[in-house]
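Open the model in your viewer and keep the selection tool ready. We will go stop by stop.

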Amino acid sequence: MKLSNRLMAIANFVPKNSIVADIGTDHGYIPVYLIENSISKKAIGTDISKGSLDKIIEYIKTLNLEDKIDTRLGDGLEVIKPFEIDTLIIAGMGGLLIRDILEKNKDVTETIVNFILQPMVAAKELREYLVENNFKILKEELVKEENKYYEIIFAKKGKSYIEKEIHYEISPLLIKEKHPFLKEFIQFRMMELNKILEEIKDVNTEKSKERYLEVMNKIKDYKGVLEEIEG
Ligand SMILES: C[S@@+](CC[C@H](N)C(=O)[O-])C[C@H]1O[C@@H](n2cnc3c(N)ncnc32)[C@H](O)[C@@H]1O
């Protein structure tokens, strides 16, 4: 099986011989790839949607992988036991939902070693949660697929230190390595912020004035990061 760039980048973070759960697996491509390529010894694919899970059960049956891939129907980590897995994947969901899943079943979260998280939005809020809750972000990846950018976070339990507020939004690890897509990712974000400025520039309420200043400051911070990368 060939994975998309995004799913491949997620799979690349999974350590060899891991026991992994892919929460919200949907199509089940990641567990299947990890087992077929002998990266994981065992995989659990879960989903809150019975429709999604039924598809995977069928798919796994056709591949004869039922002994290596478990499927479970349920909400987040509720279907995983403490110490059952060492590696957790939560991908393709909003950062706030990922945060809630990590927070809701702490008895399970506390026993996991590797966290591979790919928020579709709200990466900033997810990084804030991780830093405030004793996770150490060890590596990040930025993937471009069909003109969209995807941030992938690899974390373990530990202490993170964030030097500047903007680093919750733009990963300091990506800045340090001058990631090849980072400049265009920031420029894309700045373009979106400029669109917001354009929309609210003539609105004369206290709230919109505050928002205008906030967005201006963010653009300034983004420019600072661009200078850091280019400098
Ligand atoms: C957009 S799909 C992402 C599929 C896959 N992880 C990927 O990255 O391509 C999100 C999946 O998460 C599932 N999901 C949403 N909330 C969930 C939760 N609390 N627990 C488990 N699965 C959930 C949805 O049913 C859906 O199948």
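In which helix is Gly 224 found? Select residues 206–230: this is helix α9, and Gly 224 sits in that helix. Keep in mind that the model is predicted.

**Stop one: Gly 224.** Is Gly 224 buried or exposed? Count the C-beta atoms around Gly 224: 12 others lie within 10 Å. The cut-off for exposed is 12 or fewer, so Gly 224 is exposed. Val 131 and Gly 224 are 93 residues apart along the chain. Draw a distance between their C-alpha atoms, and you get 22 Å.

**Stop two: the domains.** Colour 5–161 as domain 1 and 182–230 as domain 2. The C-alpha centres of domain 1 and domain 2 lie 32 Å apart.

**Stop three: a helix pair.** Select residues 5–12 for helix α1 and residues 29–36 for helix α2. How do you describe such a pair? Two packed helices are described by the angle between their axes and the distance between the axes. Here the axes of α1 and α2 come within 10 Å and cross at roughly 55 degrees. That angle makes α1 oblique to α2. The crossing of α1 and α2 is right-handed.

Next, show the side chains at the contact. From α1, pick Leu 7, Ile 10 and Ala 11. From α2, pick Tyr 29, Ile 30, Tyr 33 and Leu 34. Colour them by class: the contact of α1 with α2 has 7 nonpolar residues, with no polar and no charged ones.

Key
Residues are numbered from 1 along each chain as its sequence is written. This is a predicted model: local features need pLDDT of at least 70, side-chain atom pairs count only at pLDDT 80 or more; totals for chains, interfaces and linings use all residues. Axes are lines fitted to C-alpha atoms, for helices over the stretch in contact, and angles run from 0 to 180 degrees between N-to-C directions. Helices (H or I, at least four residues) and strands (E, at least two) are DSSP runs, numbered from the N terminus. Angles under 35 degrees count as roughly parallel, over 145 as roughly antiparallel, 65 to 115 as roughly perpendicular and the rest as oblique. A crossing is left-handed if the near helix is turned anticlockwise from the far one by less than a right angle, and right-handed if clockwise. Two residues are in contact if their C-beta atoms, placed from the backbone, lie within 7 Å. Ala, Val, Leu, Ile, Met, Phe, Trp, Tyr, Cys and Pro count as nonpolar, Asp, Glu, Lys and Arg as charged, and the others, Gly among them, as polar. Domain bounds come from an automatic or database domain assignment. A residue is buried if 20 or more other C-beta atoms lie within 10 Å of its own, exposed if 12 or fewer, and partly exposed in between; C-beta atoms are placed from the backbone.
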